[in-house]
Amino acid sequence: MRARTHKKTPGKTRRSTIYLEEDIFRALRLKAAAVEVSMSDLVNEAVRAVLSEDAEDLAIIEERRNEETIPFDEFVAELKKSGKI
C-alpha cells in the first residue's frame with residue numbers, strides 16, 4: 001500500500017479520538033485510499049464544510065433579522081382567501 005501524506009493544513013493540528021459507525025469508518029478508509037489522502041484530511045475537510053455552511057446560514061439569518069414576519073395561521077388564511085389552497 002502506498003503511503004499517504006497529509007495536506008499542508010493551516011495552523012497546528014491536534015490529535016483526537018472519535019468514534020465512527022463501522023460502515024462510516026470503512027467508507028472513510030476506502031475513500032482516503034481511493035483519493036490518496038489521509039483519513040484525517042478527509043475528516044478535516046468535512047468538518048470545515050459543515051462549519052462553513054453554518055457560518056453562511058448564520059449570515060443569512062442576520063441579514064433577514066429585520067424582515068417583517070407574519071404568523072403562520074395568518075399566512076394560511078391569506079392563502080385560503082386568495083384561493084391558492
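Modeller: Contact here means heavy atoms within 4.5 Å. By that criterion, helix 1 meets helix 2 through Phe25, Leu28, Arg29, Lys31, Ala32 and Val35 on the helix 1 side, and the partners in helix 2 are Met39, Leu42 and Val43. The model is a predicted one, and the values below are computed from it.

Two packed helices are described by the angle between their axes and the distance between the axes. For helix 1 and helix 2, which spans residues 39-63, the axes come within 9 Å and cross at roughly 105 degrees. Angles of 65 to 115 degrees count as roughly perpendicular, so helix 1 is roughly perpendicular to helix 2.

The loop between helix 1 and helix 2 contains glutamate 36. The backbone of glutamate 36 has a positive phi, about 55 degrees, although the residue is not a glycine. Glutamate 36 has a relative accessibility of 40%. Because buried means under 20% and exposed over 50%, glutamate 36 counts as partly exposed.

Helix 1 itself covers residues 22-35. One of its residues, isoleucine 24, has a relative accessible area of 46% and is therefore partly exposed. Isoleucine 24 also belongs to a nonpolar patch on the surface, together with Ile18, Leu20 and Phe25. The accessible area of these four residues together is about 340 Å².

Salt bridges come next. The search of the whole structure finds two of them. In one, the side chains of glutamate 62 and arginine 65 meet, with an N to O distance of 2.8 Å. Glutamate 62 is partly exposed at 47% relative accessibility, while arginine 65, with a relative accessible area of 55%, is exposed. The other joins arginine 64 to glutamate 67, where the closest N and O atoms are 3.1 Å apart. Arginine 64 is partly exposed, at 49% relative accessible area, and glutamate 67 is partly exposed as well, at 42%.

As for the setting, the protein chain has three helices and zero strands, and its elements run α-α-α from the N terminus on. Of its 85 residues, 8% count as buried. The accessible surface of the chain comes to about 8,300 Å², and carbon and sulfur atoms account for 54% of that surface. Among contacts with a separation of 6 or more, 55% are between residues 24 or more positions apart.

To return to the part you asked about: helix 1 and helix 2 cross at roughly 105 degrees, and glutamate 36, with its positive phi, is found in the loop between them.

Terms used:
Residues are numbered from 1 along each chain as its sequence is written. This is a predicted model: local features need pLDDT of at least 70, side-chain atom pairs count only at pLDDT 80 or more; totals for chains, interfaces and linings use all residues. Side-chain values use heavy atoms; hydrogens and water are left out. Patches are made of residues with over 30% relative accessible area and no salt bridge: like charges are joined within 9 Å, nonpolar side chains (Val, Leu, Ile, Met, Phe, Trp, Tyr) within 5 Å. Accessible areas come from the Shrake-Rupley method with a 1.4 Å probe; for residues, only the protein chains shown count as cover. Helices (H or I, at least four residues) and strands (E, at least two) are DSSP runs, numbered from the N terminus. Buried means under 20% relative accessible area, exposed over 50%, partly exposed in between (1.4 Å probe, protein chains only). Axes are lines fitted to C-alpha atoms, for helices over the stretch in contact, and angles run from 0 to 180 degrees between N-to-C directions. Angles under 35 degrees count as roughly parallel, over 145 as roughly antiparallel, 65 to 115 as roughly perpendicular and the rest as oblique.
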